[in-house]
Amino acid sequence: WIFDGSTTKWEKYQTTHSPSCRISHAMSSLSTGTVLLFGGWINSTFLNDTYIFREDNGWMLVPPIYVSPYSYAQNSESIWPRDRIFTMALFVSGQVVLFGGNSDSTWIFKEKEKKWSIVDDQSKAPSTRIYHSMASLGVSGKVILFGGQDNCHNLLSDMWMFHYQTNNGSFSKLGWTQLPLQMAARTQSAL
């Protein structure tokens with residue numbers, strides 16, 4: 001389905017190829033008329049596939065980067081995000097920031113290259129979490145992350161800021177900073 005903002009109506013979109021039915025996936029806008037879908041869950045299986053939807057072209061699977069099974073097992077998140085659910089994806093400065101789910105790694109999706117890149121410095125990243133909320137602070141080059149639930153089902157009340165700057169379309173400065181402001185712990189909230 002596609003929402004037409006000019007008529008404020010939903011229209012059924014016919015496509016010959018689409019992602020499998022799933023729940024707990026992440027979606028984010030990309031450029032105008034384009035949407036990214038990542039991961040999710042189907043029949044007790046976690047997914048790490050990436051699809052791009054364009055109104056004029058329908059769904060397209062972004063081919064994952066494959067390496068030998070041994071290399072992938074040794075460093076499974078160095079080239080492609082691992083399968084995950086309840087993650088968040090945000091469009092910022094022409095790229096998507098992905099964080100959370102059953103992983104504490106941060107990823108950047110570059111639409112032009114149709115490629116994921118891991119943020120190398122994870123030393124100060126938020127802990128693994130699900131049901132968190134994230135919002136872009138627009139032109140300031142920052143993303144806010146709040147709360148969620150950890151692996152032991154504890155509600156979280158911490159707040160983080162992801163800094164990014166672009167240099168000719170590429171991220172040149174990346175990193176998380178924990179903010180001193182804390183609110184009551186909550187999960188599945190909106191920012």
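The side chain of aspartate 4 makes a polar contact with the side chain of serine 6 at 2.6 Å; a polar contact is a pair of N or O atoms within 3.5 Å, where within protein one must be able to donate a hydrogen and the other to accept it, and residues adjacent in sequence count only if both atoms are side-chain atoms. The model is predicted, so local features need pLDDT of at least 70 and side-chain atom pairs count only at pLDDT 80 or more, while totals for chains, interfaces and linings use all residues. Residues are numbered from 1 along each chain as its sequence is written, and side-chain values use heavy atoms, with hydrogens and water left out.

**The chain as a whole**

- The protein chain holds one helix and 14 strands; these are DSSP runs numbered from the N terminus, helices being H or I with at least four residues and strands E with at least two.
- Of its 191 residues, 39% count as buried, where buried means under 20% relative accessible area, exposed over 50% and partly exposed in between (1.4 Å probe, protein chains only).
- Among the contacts with a separation of 6 or more, 44% come from residues 24 or more positions apart; contact means heavy atoms within 4.5 Å.

- Aspartate 4 belongs to strand 1, residues 2–4, and is partly exposed at 22% relative accessibility.
- Beyond its neighbours within four places in sequence, aspartate 4 is in contact with Lys9 and Glu11.
- Threonine 8 sits in the loop between strand 1 and strand 2 and is exposed, with a relative accessible area of 55%.
- The phi of threonine 8 is near 55°, a positive value in a residue other than glycine.

- Not counting residues up to four places away in sequence, serine 24 touches Gly40, Ile85 and Phe86.
- Tyrosine 131 is in the loop between strand 10 and strand 11 (133–136), and its phi is positive, about 60°, although it is not a glycine.
- With 23% relative accessibility, tyrosine 131 counts as partly exposed.

- Four strands make an open sheet in the order 7-8-9-10, with antiparallel pairing; two strands pair if DSSP finds at least two bridges between them.
- Strand 7 (87–92) and strand 10 (115–118) are the edge strands, each pairing on one side only.
- On average, neighbouring strands of this sheet are turned by 25° against each other, direction ignored; the axes are lines fitted to C-alpha atoms, for helices over the stretch in contact, and angles run from 0 to 180 degrees between N-to-C directions.
- Strand 7 is joined to strand 8 (residues 95–100) by six bridges, and the two run antiparallel.
- Within this pairing, methionine 88 stands opposite phenylalanine 99 in strand 8.
- Strands 7 and 8 form a hairpin with two residues between them, and serine 93 in the turn has a positive phi of about 50°.

**Nonpolar cores**

- The largest nonpolar core has 14 residues, and those with the most contacts inside it are Val97, Met134, Val143, Leu145, Phe162 and Trp176; such a core is a set of buried Ala, Val, Leu, Ile, Met, Phe, Trp, Tyr and Cys residues joined through side-chain atoms within 4.5 Å.
- At least two residues of this core come from each of strand 7, strand 8, strand 12 (142–149) and strand 13 (155–167).
- Strand 13 gives the most to this core, with three residues.
- Apart from this core lies another, of 13 residues, including Ala26, Trp80, Ala89 and Leu98.
- Tryptophan 176 is in contact with partners that include Phe99, Leu145, Trp160 and Phe162, leaving aside its neighbours within four places in sequence.

**Aromatic pairs**

- Rings of Phe, Tyr and Trp (its six-membered ring) pair if their centres lie within 6.5 Å, with planes under 30 degrees apart counted as stacked, over 60 as edge-to-face and the rest as tilted; by this rule there are 10 aromatic pairs.
- Tryptophan 41 and phenylalanine 46 form an edge-to-face pair, 6.4 Å centre to centre with 75° between the planes.
- Both partners are partly exposed: tryptophan 41 at 31% relative accessibility, and phenylalanine 46 with a relative accessible area of 32%.
- Tyr13, Tyr51, Phe53 and Trp59 form one aromatic cluster.
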